[in-house]
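Hi,

Here is the structure I promised to pass on to you. Have a look at it first, and my notes follow below.

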Amino acid sequence: MYALSAALVLLLPTGLGGCGDADAPYAGPPESAQATPDRYTVRGVIRQLPADGNDLRVEHEAIPDFRSAGGEIVGMGAMVMPFPLAEGVGLGDLQPGDKVEIVLEVNWTGVRPYQATSVVPIDPQTPLELVAPHADH
């Protein structure tokens, strides 16, 4: 599963820190990509708020039904990753360490292949299955 997750991260656009050539333009999806966006409900912990054009960084649980650009279910392991916020999505009083539920929209044929269309707080006592144990889980 780890190797599959690592491979998937390399398939996502270069906006994911440390993946691929940061100067290379997004080449777009393969011709087999679906035009209908996929939506996933993702739970995690905010690790960094957006600043200076950066995205919201969240340590999130695995997404077992995540689809590749080719439409195959490949899954995505738990990890810390940036979430670009869709236009109009605010964070209110959320802070690093807060537990949240995110609606992640993936549209491989879009200008922005993935983005968070909703970010809402969840009960701080909610148990989460993340990469490594932290005191705030």
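Starting at the N terminus, their order is α-β-β-β-β-β. Please keep in mind that this is a predicted model.

On confidence, the mean pLDDT of the protein is 80, with 70% of the residues at 70 or more. Among the elements, strand 4 has the highest mean pLDDT, 98, while helix 1 (residues 2-11) has the lowest, 40. The pLDDT stays below 50 over residues 1-22, although this stretch does have 31 contacts in the model beyond near neighbours in sequence.

Now to the interior. Buried residues account for 39% of the 137 residues in the protein. The largest nonpolar core has 25 residues, and those touching the most other members are F66, F83, I102, L104 and V119. At least two residues of this core come from each of strand 1 (38-48), strand 2 (56-60), strand 3 (79-83), strand 4 (99-106) and strand 5 (114-121). Strand 4 gives the largest share, four residues.

Leaving aside residues up to four places away in sequence, I102 touches Y40, T41, V42, V58, F83, A116, S118 and V119.

Two overall figures to finish. Of the contacts in the protein with a separation of 6 or more, 63% join residues 24 or more positions apart. The exposed surface comes to about 7,600 Å², and carbon and sulfur atoms supply 52% of it.

Best wishes

Note on methods. Residues are numbered from 1 along each chain as its sequence is written. This is a predicted model: local features need pLDDT of at least 70, side-chain atom pairs count only at pLDDT 80 or more; totals for chains, interfaces and linings use all residues. Side-chain values use heavy atoms; hydrogens and water are left out. A nonpolar core is a set of buried Ala, Val, Leu, Ile, Met, Phe, Trp, Tyr and Cys residues joined through side-chain atoms within 4.5 Å. Buried means under 20% relative accessible area, exposed over 50%, partly exposed in between (1.4 Å probe, protein chains only). Contact means heavy atoms within 4.5 Å. pLDDT is the predictor's confidence in each residue, from 0 to 100. Accessible areas come from the Shrake-Rupley method with a 1.4 Å probe; for residues, only the protein chains shown count as cover.
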